[in-house]
Amino acid sequence: MGFLKKVSTALLVLGSYCCFAQTPGGYVLVPAGSYHVGGQRHMLNPARRVTVDSFYISVYETTNRQFAAFVAATGYITDAEQRHDALVFAPGLREFEWNNDSTACWRFPNGVSAGGIENKMEHPVTCISYNDAVAYCKWAGVRLPTLDEWEIASRAGTATTYFFGEKKASIGRYANIWHGKDHLQADSSDGYLYTAPVGSFQPNAWGLYDMYGNVFEFCSGKIKPDESPALAHARGGSWWCSQASCSFFNSVDIGRVHKRASFSNQGFRTVK
């Protein structure tokens, strides 16, 4: 890829060992090659090797500040603002239960009554749909990662369920998740009830933050060739995910959602 020569070197290769570093634009270069993805006996994502071209992936999830710049430049109106159908969570709801809040949108991700994002500009943008994420990418000259690209970056060279091994006991060091036994009581034991500022937890070995937790990250592509074109996929789990319910904060599981659905735990990061 010729354009790679125009960017400061972001990768030092010593045999099979790769040392990754950020480029000036806040991206990490993932070299072309063959990588392990999937999990043993996983129905949607079986273990296999895939080959990809080199790509840059953002160190952080896309923030409210970045999305606000897009809206200011284009006047874009999100699906949630048009449809008034964003789904938000508040402690006390039963497992997998969400409230439809007609006032919720990226500016008020937990509804107008909960306040806006004025003091959360470095938090990941939420209450946006897959279509909204794609619109941002077109404006910014970037794109969403493919399902395989996201997983390769998440794994950071490992073949385990988590980039730190097979046991999830260490997840709290790397991810903003829900630590309560259920969602009936508020849980801010890690310092955050909902989203956290990007980069608040430890990165993976390639220097990528929040690959697990904080917000589900939209990816492009399909799991099955014949699946509905209205479906989108997201990976990595979110602040809502707990070990007792949705435990998608790993490198294997793949979530599915309608392309126009907006949740207060959905966001994205970009590649180029």
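Of the 65 residues in the largest nonpolar core, Phe-67, Phe-89, Ile-152, Tyr-212, Phe-218 and Phe-268 touch the most other members. Such a core is a set of buried Ala, Val, Leu, Ile, Met, Phe, Trp, Tyr and Cys residues joined through side-chain atoms within 4.5 Å, where buried means under 20% relative accessible area with a 1.4 Å probe, protein chains only. The model is predicted: local features need pLDDT of at least 70 and side-chain atom pairs count only at pLDDT 80 or more, while totals for chains, interfaces and linings use all residues. Residues are numbered from 1 along each chain as its sequence is written, and side-chain values use heavy atoms, with hydrogens and water left out.

Leaving aside residues up to four places away in sequence, Phe-67 is in contact (heavy atoms within 4.5 Å) with Thr-78, Trp-106, Val-125, Ile-128, Asp-132 and Tyr-136. Another core, of 6 residues, lies apart from the largest one and includes Ala-80, Ala-86, Cys-105 and Cys-127.

Turning to the sheet, 4 strands form an open, mixed arrangement in the order 11-10-9-12, with pairing requiring at least two DSSP bridges between two strands. Strand 11 (255–258) and strand 12 (266–267) each have a single partner strand, so one side of each lacks a neighbour in the sheet. Strand 10 (residues 231–235) runs antiparallel to strand 11 and is joined to it by 4 bridges; Leu-231 has His-258 of strand 11 as its bridge partner.

Technical notes:
Helix = DSSP H or I, 4+ residues; strand = E, 2+ residues; numbered from the N terminus. Buried < 20%, exposed > 50% of the residue type's maximum accessible area, 1.4 Å probe, protein only.
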